[in-house]
Each structure stands twice: as C-alpha cells, then as structure tokens.
Amino acid sequence: MGSVDGGKLRFCIDRGGTFTDVYAEIPGKTEGRVMKLLSVDPSNYDDAPVEGIRRILEEFTGDKIPRSAKVPTDKIEWVRMGTTVATNALLERKGEKIALCVTRGFRDLLQIGNQARPHIFDLTVSTPSNLYKEVVEVDERVELVLDGEKVKSDSSASIVQGVSGELVRVVKPINKDALESLLKGLLGKGISCLAVVLMHSYTYPDHEISIEKLALSLGFRHVSISSALTPMVRAVPRGFTACVDAYLTPVIKEYLLGFMSKFDEGLGKLNVLFMQSDGGLAPESRFSGHKAVLSGPAGGVVGYSQTLFGVETEKPLIGFDMGGTSTDVSRYAGSYEQVIETQIAGAVIQAPQLEINTVAAGGGSKLKFQLGAFRVGPESVGAHPGPVCYRKGGELAVTDANLILGYVIPDYFPSIFGPTEDQPLDINATRNEFVKLAKQINSYRKNQDPTAKDMTVEDIAQGFVNVANETMCRPIRQLTEMKGHETKNHALACFGGAGPQHACAIARALGMKEVLIHRFCGILSAYGMGMANVVEEAQEPYASIYGPESLLEASYREATLLEQVKQKLQLQGFIEENITTETYLNLRYEGTDTAIMVKYPINDDGSTGDYAVEFVKLFQQEYGFKLEKRNILISDVRVRGIGVTNILKPHSLEPASVDAKVERYYKVYFVNEWHDTPLFRLEDLAYGHVILGPAVIMNGNSTMIVEPNCKATITKYGNIKIEIGLVHSNVKISNEVADVVQLSIFNNRFMGIAEQMGRTLQRTSISTNIKERLDFSCALFGPDGGLVANAPHVPVHLGAMSSTVRWQLNYWGDNLNEGDVLVTNHPSAGGSHLPDITVITPVFNKGNLVFFVASRGHHAEIGGITPGSMPPFSKSIWEEGAAIKAFKLVEKGHFQEEGITELLRFPCSDGSSFNIPGTRRLQDNLSDLHAQVAANQRGISLIKELIEQYGLYTVQSYMNHVQVNAEEAVREMLKSVAARVSSNFAKGGEGDLVIIEEEDFMDDGSVISLKLTIDPKKGEASFDFSETSPEVYGNWNAPEAVTSAAVIYCLRCLVDVDIPLNQGCLAPVNIYIPPGSFLSPSDRAAVVGGNVLTSQRITDVILTAFQACACSQGCMNNLTFGDNTFGYYETIGGGSGAGPNWDGTSGVQCHMTNTRMTDPEIFEQRYPVLLHKFGLRENSGGAGYHKGGEGLIREIQFKRPVVVSILSERRVHAPRGLNGGKDGARGVNYLITNDKRKIYLGGKNTVEVQAGEILQILTPGGGGWGSN
C-alpha cells in the first residue's frame, strides 16, 4: 500500500449527500480500513468526516478520544477530502446572500441567460432561481475596436491593448463615488459578498479589479471577479461562474473552518487537501466555490482511471457511478476528458472540470406504471422516506425491484431501519406493494389481450430493472458517440452503491465485452482522493490568427503562466522534480463557435508536434470533417501545473491455492426464472479465482451480480474483471400485443436514435444556426411515413415532418431505391418555410422499404430578396429563395452536387422580368446538407442494430405499438380536459360533446378561428379552423404542417407525461383547415413568417381554448442584419403567459421555438455592433392573480451601414390575459437616428441603417391569469 510516514495514518474521505465514505491507510497493515457513516446524524456527531477520523484513530491508538475533545493530529500524515457541501448548497439554494455587480444595461443578463427554457413542454417554464439577491449596475463601458474599424483621433475615449491582444476603447471609466454609495447601500441590507462581471473584462480586467479593491476596503467579506476566475470571452457563463463562486465560497470556507477547528493543531499542522472539479487537489486556501461542485464525483473518476486503465485493461473506460438518486457517466482513455463549460443546477460554470454526465436514474428512482408502459424516474424517492423496503412508508423504487429479484440480499445489508433503527430491509412490504401493482398491470393487459398470461411480481420487477438499465444506457451512448467513439470498444468501470448490481446487464445492452469492478467500488470516490495530485491552473485570453508570430507570442505567455503555477506549487512545498506541467491552446476555426482546448502534442518518439495539426485531427474525430482554407484562431492560453504527491499504491494478492469458497446459496431471478446462486465474499477470494455466472460476490455492503453466461476473474490487485458472454441475437417477444416492458424499452430506443441523429447533425454541421442555436430536428418514421420518434429540439418542427415524408412517398412511388436520399423545403410538399431544408432517407431491408429517417435544419441563407432569407415584405414564395419540392440529393449512393447547386443558386420564378438572388452561402449549404445526410445515416445504422437484435417484424410492430401508446395518452388527457372545462367554459354541444370556440387576430386583422369539439367518452377532439381568414398578401401564411406541429405541441404540453412524440398523438384528433386560408395557402404564397409568427398565434389560440394558460408573447421577434460580407440572424424572447397556479416567466423563448441567444461579448466581437441594453421590460407582463412574464428590451447600435430586417407580431394585438387577467404589453420596434429622431418601424420592416444609429426592440409581455 506504499510507505506510511513514521507510523502515521492517511485518510481519504468522500462526504456525499447521504453517506460519508472513509478509507484510511493504517501503518503496518496491508489492508486499509473502510468506514461508512451517515453524512448528517446530528444526534450522534456534528461532522461525519471528523467522526470517521476520530473512530479510526481510536481503533489504531487504543486511546479514547471524546467527541467533545479536539482530535489529535500527531498520528495523521494527511487528509484528502471531496465534499458535496458546495453542490448541495447550489442545488438547495442555501448559499451566501450575494449581490451582482454588472455593466449598466445588463442587470438582467444572467436571468435571461441564453433565453432557452429548460423543458420545452413545461407550460410553467420553471427556471432555477437567481443566486443573487440584489443587482448593482456600474456606470462603465468598454468596447472592442474591430479589425478595419476607423479610430477617431478626436475621441475622448482612451484606446488600450487588452490582455487578449484585442484593442479596447474605454468609453466610460468607473464613477467610483457613485459606486461607493451603491455598495454601502448593499452593506446596509446585510449583503457583504459580491459577484462582479463587466462587459469585456476577460481582456480588460481593470474596472473589475478596481471594484474589488473598493468593495474590500468598504468591508465586503468576499468578492468574486469574473476576470480572475475565468478570463474567457462570454459574459453570461463568466458571470454565472462569478455568482457561483461568491455564493458558495463563503459556505465552503465556513465549513472548512469548522472542520479544521475540530483538530488540536488547527491549520498549522494538519495536512489537508480538497478535491476540485478538475480531478486535482487544492489546499484549503485555494479551494473555492466554482471549482468545488463536482468534488465528490471527480474522486470517482480519478479512482477508476488510475487503478484500472493500463493496469487491468488497455481498453478505454466508461465510468459508471450509480448512486441513490442519480448516475454519473464519464470516459477515460489515458487522459482526463475535461470540459471548460458545464451547467449544474441551472448555473453555467466556466472552469476546467472533468466531463461527467449525470442522468436522473439511480437506486431511488420511482417505479410507475403509467399509460400502459413501465416508467422509471426521473423522480426519486430520496433517502427519506426512501424505497418501500426502508420501512418509512416510501414508494416503490429500483432498490425494491433489486430486492425482489435477489440482487440485494438483506442478510448483507445494514440493519438500520425501523423505529429503533436496528431492523433489516422489509422484503414483505416491498412484495405487497408489487402485488398491488401487479393487479393494476395485469388488469390493463387483460383489457388489451384477454389471452394475456398474468405477469408475476418477479417479471414486473425484472421489467422495471430492464427499463432502468435502458435509461442509463442512453447517456453512455451519447457520451461516447458524440465524440466519434464506438461504445462497444470500451470496458465498463462500475462503482457506486448500486452500480455493480446492473453492470453485466448494461454492458451487454451496450455491446461491451468487459466489466471492471474495483475492490473498493462502494467507496471508490473516497479511494480516488488518495490517487490524485495537487493541481494549479492559470489561463489568459489571447485572440489571434494561428501562425508563426502568434505562436511565438503564445509561447511567451505560456512561459509566464508556467512560472506562476510553479511558484504556487513551490509555496505548497513541492520541489522542482515533483512538478510536471501541461500547456494548452484553445483553438477554433474562423467563423465557428466550437473551440477545442488542445494540449501541446508530444509525438511517440518524444519530438514535439504542432498545435494546428492536433486541432484538425481532434476536430475531425469529434465532428467528422475538417474545414479547408479556413483560418484557425487562438482564443486562450492555458497551463496546468501538477504537484505529484505520495499517493496510495495498490496491494497485490497472493495467487489462489484452493478453489473459491462458496459462502452460501441464495435464490436470484435471472431471465424469467429463479436460480440457486452461489454467494462469495470478496475477502475470501484470491488472485486467479474464476467464478462462472450466475453468482453473487459480496464486497462489504456492495453486491456484485455476475449474470448467467458471464465469467468473473479476480485480478492480481483484487479487482473483479467480468467477461460478458454472447446472448442470442434475436430476442423473442410478443408482437401482436405490446409487451408493457418492451414498450418502454422501445420508446427509449427509438427516442435515443432520434437524439443521436440530432447529435450527429449538430456535430457535423458548420452553420451557427444548427451547431450553436440548435435550430434543427431529427426523426424516424414507419414505412407509411407515420412519425415514430421526434427528438424535441424545436417545437415548430414537431410532427411536421410526417407530412413531408408522406408527400415524398406519394410523389416518388416505386421510384425509390437503396442509396437514394431526398431533399425538399417547399411548403406545399409538407415544408414549414424555405430556410428549413428537410433531408429524407428511405431505408430498405432485403429490397423492401422498411422505414424512413429525416432531418430538418434551418439554413441561414437560401437566397431570396434579402440576405438571411427572412424578408419582411415577401409576397410570393420565390422571393424567399430556393424552393425545392422534390429532388434526389443522393441517387443510388452518388451525391448530386451539380443538381442541388443549380437549385440553390437559381431559384425558380414566375417568369417575372427580375431575377431572384440565389443562396449567398452555397458552401455552407452543401456542408450542412452533407451533415444532414450523415445524421440520417447514423439513424439507419442504429435502427439496423435494433433489427439485428430483435428482428425486423418486432421492430416494425413496436413502431406501431409506440404510436398506439401515445394515442392512448392523448385520449386520456382529452377525457380529463373535457371534464375540467365543460362546466365552466364550454358551450353546450350535441349530446355530451364539449364545444369551445376561440379566436385571435394577427396584426393585419386576419383571424385565426378555432372551434374545438371534444368527445369526453371516446377521448377524441376536432380542431376546426373553418372561419379562419383567407391567404394573406404577405408572408405570414402558414403551411398546414405548421398547424399540425402547433396541435401536437399543445397536446404534449397538456398530457404532462413524457410520452414519445409520434403520429399516435394525432390519431384521436381531426384537424380541419379550409383550403385557401392563410393556414393552408396556395403553393405560390409567401410563408417565411408563418413558421415563426403564425405558429405562435395558433398555439395561443389552442391553449386558451383549453384554458391551459394565458397568451405568451406570441412572436419570435426575428431580427436579421448584414451586408454583402456577412449576415446575422436571431430570435428574441419575451414573456410567457401565466397559468392557474403560476406566474409567467420573463425574458424566455416561448412555445414554438427554443433557440439560443448569442452571448453579448461574442455578439460585439464578431459583428459591427454595440449592445447598449439587453434586459427585462418592466411592467410589460399582464397583471392578474398570477402575473404574465415580462418582455425584453434589446438596444443595438450599428458601427457601420447595414441592412436591418425585423419580422415580428403582437405590435397591434396584445397577448391576452385569461380569466380576468390583464393583457401583456404589445411589442414595439424603433429606430433612433443620428439626429436623435425616434422612428416607429411597425412590426415588419427592412431599413438601411447608418453607422451610429440604434435599433430598439421591445418584445411583448405574457398575459396575466385571474383578476386581482
């Protein structure tokens, strides 16, 4: 185990949310001491880590250490600890009371974030609360001087070079007297911690530094300035990081002070290091909030990577850490995979951290039978009351299912339950609950199929475990395949309390052949603390084109930063030979926002490589292509100093001399039958022992399940290596009637395929719209074109592609061949608007058409009368760009580049005398079309894997079953809605029919009229738009597919259950749209606004008919600007409508869109603009018992002449309140000219803006609900 200094102990501790794990290395002993304590047990002790150290010291010394006395440190060499104190404070919003200090005009910047709502079908639009209590706007401003920008010699603003090398104009220095008064006001309110983020402080930190000095001089206890924590461009994540740090660091410091005070030598003698989110250790003085949120999980990654990779296997590893409420998934292939930015508990943190993906599935995940399918999570039963077996009146959870199956054995589980906390797990209570559930499930199945055989309690428990396993497989597939790696080529490194029970099943489902379980799997996060090194990081921005000169400058900067980190490590006692360093450049292609942190490459022969070559290699591996003739840009220089510590060493076992000893036999349920299964204790096993499945291996309190047809071997270091045997490739299941377990699994698999298609598209695309704004959707369809699964990226695409696929199927008929790929964007062929291009691939099996896959992406340029292809004044379809009804993009495997280029460059016209411009970005179009083809191909290969596993007939049967399941869910919802609305709001109908009439107006006066008829007995609804206005002489005509998408979106919101989005949702629904209306226009009509404007109004009409919520902003506020050198497009959020028990949310994307907003600093860095204001529009939300959400104010000054187009609605007719709630404020668009005139632009306009002029957009608020 390594030498222990002078008979002293080493402690590795992971303080988790429920349990605290302690691993201690004891002098003179080959085996460490393991201890598990409740993290919170106030009746017995104040602090779990201190208690663990105290108890083990008592055992070692034989001396009694009273809890009231300080713990002696003379026998402690070091303590290393990971803690969830920071994570829990963030999740529970129990951090320090802080204020945010921000540039004037941006007080709401962090509340708005990127505008996207977290869950697109959540009408309440619930978002995490702000971390700060107060905001101080600092009257200061700096702006970037862009390349080619003329610098006025008479300007009073000083121009300096920023840290990044960019030129910065200090437009307005800080007024310290005014700021001092504001800061004193905060102190008067009891706020003494401050987070500071100013525009462009990443390159010009002077103003933030002066605020920090002023605040500390006034008596603030803690100040977090964004430029010091994370000097990277992007104000929003940098601001969040500063807030997280200010919010958590005082909490951590208070905890650490309390921890240290329990020891007799205090800070002077006790050597303590804390695990950071990046997998490195830091002393107490360097441990801060923004680096602490992944402290515990990081220990687990260090633990499995350093003990298994290169020791037990050469395969790359997938870390699988399954706990009570969630499962953490990570990857290791010789170096730590880190991300610079991640989102935790609603806060974006911009700091180096290990890439750990968390899924809400664990031992405590709730089990439900809902709408004919098994569902696991995402809700958890928690530690209290916990699962049914915990004897606290809890609900069924995954742990209960494992108990029924024999995967959890009460004899080997602590007896800590019941009123006296000394009773075992209650298997009888669990079985009784499963019996009740079995009656419900079997009753449902008998209704579906009278001949169905009853499912036993064990079958049901097994079904839930299978569904849970599939839920956990999804993030693993995403983590590997998003980076271009094959999942099956990895080994599964399994740990955590519940992980080893599921390891074999998950590895098998993922096609992996090898599972590794560390001997300390139950406490691996704690053990990992002892394997980590001390890490110091330094980083600074550097903006330049990659080349010899910039590389030389970058090397100077690296040298300075390396000296800084070395000095910090030397101050902690590290000598030169124990310090190693790593250097990185953050690189990206010009015109993209996808940066990769590239480590300085060292070739196999020891020679140095080239950053650019390594970047291109990494980019191609991750994104599937490289960009020729495109500059590579440097964004940041980063260095990492590593102080190598005296770490734990593994202890090798003696080879086995006798057969493995069976402790006893237990009945365990595998593959639909009970098996008499031998149980072994890990401590009785030796190096080389081989155990054939089925078997159970107990390791303390941790249960390892070795499934049938698997083989476990004990390795030299006492770990367990399991070889996963082959299973029959074709699983036999019922096809005629949906199996309730397989229904859930196929739902997961189908949706997982659509999601992976989406990730492939995002990965391989080049345009900002697809790669960064996520304006795309992917889906798979049955052979009849019926939607099977649609990954919910952009709601306006939902269900809309089915009519596109069916149109193509009818058009091409038998003229579809293997290797064909179709492309279309025409509204009359099921399209939405021309920028949304759909790529469809028919898939064949043995010559028969078996299904379709399709991807739809918003192309930033498709031709037409204005750059950006979103013209406000288009009157005919050909003015909006290239319109393609049907074309084979790929024919029999050959990409038809010449044909598609012709269609994109020369849009069809009606023979008028003028030519409509074609696409202005042909190469981007072609690149994104290639990406869409690749996304479809990914979907095809995944479905073929499914067919190989289950057989074509079964897969196609479940394509139908999932649609029937969604249909049932919508029918049940319609029945309950009918009951709710019939008494209060509906007109009398024929018989028991519920009839509701609703209408709303577009700003030109055209009406959307809906007659909604619900049959409460059958659960059916008719959406009749008969009285809707005719086609308009404008561009807010909406193709029928848009109305279908609005209906399916509203139904999914109202169901409020995670049902798959497929054709079944529309089966109980009849939609009638009068031909020739502006919801079913002619194929010559302009439609670019229908997708982005009219779709929102249709949604408002439907939701108010259902009395679900008041109207939201009802617009996407489409803004485009540019000239012949560039184009920019954004949609701007507003207020969401209030509901019967919630207030509307402010400054958010509503309903039919959820695209992201460009960060203010990126906006100003890339485009000739100055953003004066981006904030909430006060008092724009409708008043009511529940208030509507506020709209936004966006104020943009242009630095050079550009053409600006605005396409917006709700400038005449306000978003309506409901049930007595007041209307939200109407939107307004202004242009403020250089001679100070304020010009009203109306809702739709194109204007040539001069340098210095300001565009001001005020977006609508949401309607209120209920009268005050």
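Here is a short chat about a few spots in this predicted model.

Colleague: Before we start, what pLDDT do local features need here?

Modeller: Residues are numbered from 1 along each chain as its sequence is written, and side-chain values use heavy atoms, with hydrogens and water left out. This is a predicted model, where totals for chains, interfaces and linings use all residues, side-chain atom pairs count only at pLDDT 80 or more, and local features need pLDDT of at least 70.

Colleague: OK, S39 then: is it buried or exposed?

Modeller: S39 sits in the loop between β3 (33-38) and α1 (48-61); helices (H or I, at least four residues) and strands (E, at least two) are DSSP runs, numbered from the N terminus. Buried means under 20% relative accessible area, exposed over 50%, partly exposed in between (1.4 Å probe, protein chains only). The relative accessible area of S39 is 4%, so S39 is buried.

Colleague: Which side chain does the side chain of S39 make a polar contact with?

Modeller: A polar contact is a pair of N or O atoms within 3.5 Å; within protein, one must be able to donate a hydrogen and the other to accept it, and residues adjacent in sequence count only if both atoms are side-chain atoms. The S39 side chain reaches the backbone oxygen of G16 at 2.7 Å. Its side-chain partner, at 2.9 Å, is T20.

Colleague: And N578, what's its relative accessible area?

Modeller: N578 is in the loop between α15 and β24 (579-589). Its C-alpha atom is 40 Å from that of L167, 411 residues away along the chain. N578 counts as partly exposed, and the value is 33%.

Colleague: How far apart are the end C-alpha atoms of α15?

Modeller: The helix α15 covers residues 548-571, and buried residues in it include R557 and E558. The expected span is 1.5 Å times one less than the number of residues. For its 24 residues that should be 34 Å, which agrees with the model's 35 Å.
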